[in-house]
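Reader: Could you walk me through how to read a model like this one?

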Amino acid sequence: MLTIEGLQAGYGRSIVLHGIGISVGAAGVTAVLGHNGAGKSTLLRAAIGLLKPRQGTISFDGEDITRMPAHQRVAAGMAYVPQGQQCFPHLTALENLQITADGRKQGKESLDAALDLFPALKPLLRRRAGLLSGGQRQQLGIARALITRPRLLLLDEPTEGIQPSVVAEIEEKILDLANHVAIFLVEQHLGFALRAAQNYYVLESGRVTSTGSGGESSADLVRAALSV
Amino acid sequence: MTVVASQLFTGISIGAVLLLIALGLALTFGQMGVINMAHGEFIMAGAYTTFVLQSAITDAGVSLLVAIPVAFAVAGAMGVLLEFLLIRRLYARPLDTLLVTWGVSLLLQQLARDIFGAPNVQTRAPEVLTGNTRIAGDLTMANNRLFILGLVVLAVAALTVALRLTSFGRRIRAVVQNRDLAAVSGVPTARIDRLTFFIGSGLAGIAGVALTLLGPIGPTMGTNIIIDAFLVVVVGGIGHLRGSVIVAFVLGVLQSSVEYLTTLSVAKVAVFVAIVAFLQWRPQGAFTLRTRSLA
């Protein structure tokens, strides 16, 4: 569904990704694993169009989207939840969702459907998003992304920096979502990623160093590759 | 007592014009981190628009009222053009933007000289705005200043409603708060940038209309007032619209009071000294955005 070929990208003069090739299937979870600084977030930012690649091509559903701006990729069926539970801090939770729902066909219905997936958000809608807890903001972020009814969801370390009591809940939600939408997951914690993923890539210093299919059998291989 | 009240009023009306200009600056700065040195020339454009309209429509009152939306549109269109032709290409280079917009500022001043001539021109104020209104006892207020105050209140109210309650206002605020997240939420950020530039520059145009009631129209009129507006933005806390409102009025009152007690130059110096001292104490400005979120 999403095919990345020979992707080279970076910031300023420094190159972070050195020719990445990744293919994300039309269903299930594809995970990219790697240490801090391996280039995982950069990869996702390039995939969604927030970072212009220097070289390489990105295609979605067979269409070349390498030069497409981010908002058009979203319209084409991609969605992205950035790391760090980002939100619009001075807008209310509801307004955060409306930003995405505005001007969209059946925006209101999609918004309600997203809220039904995260009922914990309903009593918080009038509150400023910046005042919510990390876990609440992450739920808000995923709900926001789902409003566009994406076919591919890009998740950047969805459980990082979230209180442990909520982590399991969010992991369950993601596993559940994987039945409906293809997920491209970036993680540095192996446990959940390998449990969720059908396919994985290991990223080290901006290069794919190994790849395989998920499940417990591959866990040792990945652990060895990442030497943790 | 009357003197104090009338000085206060003069200060507030100066502050009101400053506010319109500063809000426009704060919008474009908050949105795109662009310091637009040509913002002052959009004020001038608004003023000359009023002048041109008055030679077309003889009734001074009608032409003034027509000038308000037209000046908004003219200055707004100039802002969009500037954004589209130049600023858009320089987003990651703030210093270059500063130089380029300064160049545009000089260019527009020369253009005004070529079209309207170097000497200042003047508009006729409508009859109703030339007198005074008695408020209470000896206290009178100049009608033109009352009109300006009303105009600014209306403009600020309209801006507030647009930003708070409309969906494009929500989008503008979203882009200010987190540009990348707005883009991946499906907001066409480039188009929102242009819209913001239109509104911000348009407010300068309205300020230009207001200034025609207070003094002559000349090619450098924008430069003279833009420094004060920059100060309002910096002291008010960058990206903080409510801060700009408060500081604009404080600055206006401060300046007109010191000016009353001494002279114009002393007032300017006193205000600058006060601001430098203030920024030593609070470099982030009077008001800052506080949030739990790091984003």
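What follows is a short chat about a sheet and a cavity.

Author: First, the ground rules: this is a predicted model, where local features need pLDDT of at least 70, side-chain atom pairs count only at pLDDT 80 or more, and totals for chains, interfaces and linings use all residues. Residues are numbered from 1 along each chain as its sequence is written, chains are lettered from A and ligands numbered from 1 in written order, and side-chain values use heavy atoms, leaving out hydrogens and water.

Reader: What is the strand order of the open sheet in chain A?

Author: Strands are DSSP runs (E, at least two residues; helices are H or I, at least four), numbered from the N terminus, and two strands pair if DSSP finds at least two bridges between them. Here the order is 6-7-8-3-9-10, with mixed pairing. Strand 6 (78–81) and strand 10 (207–213) of chain A each have a single partner strand, so one side of each lacks a neighbour in the sheet.

Reader: How many bridges join strand 9 of chain A to strand 10?

Author: Six, and the two strands run antiparallel. In that pairing, A:Asn199 sits opposite A:Ser213.

Reader: And which elements give two or more residues to the lining of the largest cavity?

Author: A cavity is a set of points on a 1 Å grid, over the protein atoms alone, where a 1.4 Å probe fits but cannot get out; lining residues have an atom within 4 Å of a point. The elements are helix 2 (39–56) and helix 3 (60–85) of chain B, with helix 3 giving the largest share, three residues. Among the lining residues are B:Gln54 and B:Arg124.

Key:
1 Å grid on protein atoms, 1.4 Å probe; cavity = no way out; pocket = protein on both sides within 12 Å on 5 of 7 lines; lining within 4 Å.
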